[in-house]
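Good morning. Please look at the model first.

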Amino acid sequence: MEYLMATFISLLALAGIILVLFYIKNTRTEKNYKKIKNEISRILNININNPSDDFLVHQIGNALKTIKERYDSEKNRRKNIYTILDNLSEGVMFASIYNGEVIKIDFANIVAKKIFTVDDYIGRSMAEIVDNHSLIDMVLKSFKKKIDVEEEILFYSPEKRFYHCQVRQTQIDEKYRIIILNNITKEKDLVNLRKEFLTTMSHELRTPLAVINGYIETIMMDETLSDDVRKPLMIIEDETARLTRLVKDLLDIGRMEKSINESFNMDTVNLSALTKKAYDFFKMLSDEMGIELISEIEDNIKITGNDDRILQAIYNLIDNAIKFTAMRNSEEKTVWIRLYKDSENKNEVILEIEDTGIGIPSKELQKIFDMFYRVDKSRTRQISGFGLGLYIVKLILDNHKARLFLESEENNGTLFRINFKGGIDDASV
Ligand code: ADP
């Protein structure tokens, strides 16, 4: 009984406290409201005791309430955007330009701040906070040329990291750019590791392969060998030759990847003569395979380049065109080799290898230039190759700053078009 009584008294006391607090709050709100009302009537010079003026004050109060609500929701929206930006795995910056040359960073998320050499970046020029001229040059280029720019950049400070950097224009104003940084250090390390491994392995394999080949040739010279022995030896010889080609390709790739920055030995190359040489080389093979090889080669076209490498690229493209045309079941089996000066831009030279082969599915077009990539193993199983041919072509063309276009339709054919810059006039040679 005593216990019930105590509980009742406690509840009564609690209700009393709540009532008092409620009263204080209400009178305070009431007081505040009156204060605001008085302030508004003072500013607008109206009499709040007049019912129509009081109505006006009431309306203004409502409008202010709406503005406050909007302000709060906008504040919330901004907070959410900053939270999202700070949680992105990419670095994001917002840059603006002053006097056509000074770039300032107006915003940077947490990841982007990792490339800063100072903590406080607001109001400072980009050169003061980022120790990397390539990135600053990229942003300047985007402002000056009014274009989006994309590059891979190595940062040494504050830490050694590789970033894929994009500078994008905004729809807001020409004065602003968005900079996006993607940390690709791990991918780059892996790629370098793979390259190192391949080069080392290729070097190690070269000598034993040459030895095996030498011994097989010697053994095969013995005319008393029975067919039972000769046949497996011939298979070993073929496979050794295949491996030797792979090793040679890998060593070539290693050399070319190194020279991307140093560039090949360049000289004047008679592209017409090179293309004809490639045509002559493949003519007999294509005839044997029932493929018509057509050459439409303009005379005396010269460019600056490395003739061995260009010939290698042309060979790879024609070799593929013939291989994949032979695979298609069709009446028309033709491969065209064309070389001509661009009619619109006399400085550009165009080389085309077109075929009526099995074509390439559109979803594969981007990938076929990757190392070791072969479209659908089942369709290429009968055909030898390691998926290195086009990777080599791409490396050679990159070294020559040539552009490569590819058009293909499955079961219809493929066209590779190369644009070489800087055709040399005979008069200037
Ligand atoms: P591979 O040595 O295996 O031919 P490439 O790098 O030269 O490797 O080519 C990669 C892949 O691209 C090929 O496996 C093939 O599927 C496709 N390809 C290349 N050229 C052609 C072409 N002219 N027609 C059809 N497919 C092609």
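**The pocket and its ligand**

Let me start with α9, which gives the most to the lining of the largest pocket, with 11 residues. Helices here are DSSP runs of H or I with at least four residues, strands are runs of E with at least two, and both are numbered from the N terminus. A pocket is found on a 1 Å grid over the protein atoms alone: it is an open set of points where a 1.4 Å probe fits, with protein on both sides within 12 Å along at least five of seven lines, and lining residues have an atom within 4 Å of a point.

Before I go on, this is a predicted model, in which local features need pLDDT of at least 70 and side-chain atom pairs count only at pLDDT 80 or more, while totals for chains, interfaces and linings use all residues. Residues are numbered from 1 along each chain as its sequence is written, and side-chain values use heavy atoms, with hydrogens and water left out.

About 1,100 Å³ of space lies in the largest pocket, the volume being the space filled by probe spheres set on the grid points. Its lining has 41 residues, and N316, D319, N320, K323 and G389 are the closest to the centre. Besides α9, elements giving two or more lining residues include α7 (227-262), α8 (271-288) and β10 (349-355).

Where does the ligand sit? It sits in the largest pocket, by the rule that more than half of its atoms lie within 2 Å of the grid points. Around the ligand are 21 residues, with N320, D355, R374, G387 and L390 the closest; being near takes a heavy atom within 4 Å. To this shell α9 again gives the most, with four residues.

Now the polar contacts, pairs of N or O atoms within 3.5 Å. Backbone N or O atoms lie 3.1 Å from a ligand oxygen atom in G387 and 3.3 Å from one in G389. In T414, a side-chain N or O atom is 3.5 Å from a nitrogen atom of the ligand. Alone, the ligand exposes 540 Å², of which the protein buries 97%, by the Shrake-Rupley method with a 1.4 Å probe.

Definitions and conventions: A polar contact is a pair of N or O atoms within 3.5 Å; within protein, one must be able to donate a hydrogen and the other to accept it, and residues adjacent in sequence count only if both atoms are side-chain atoms.
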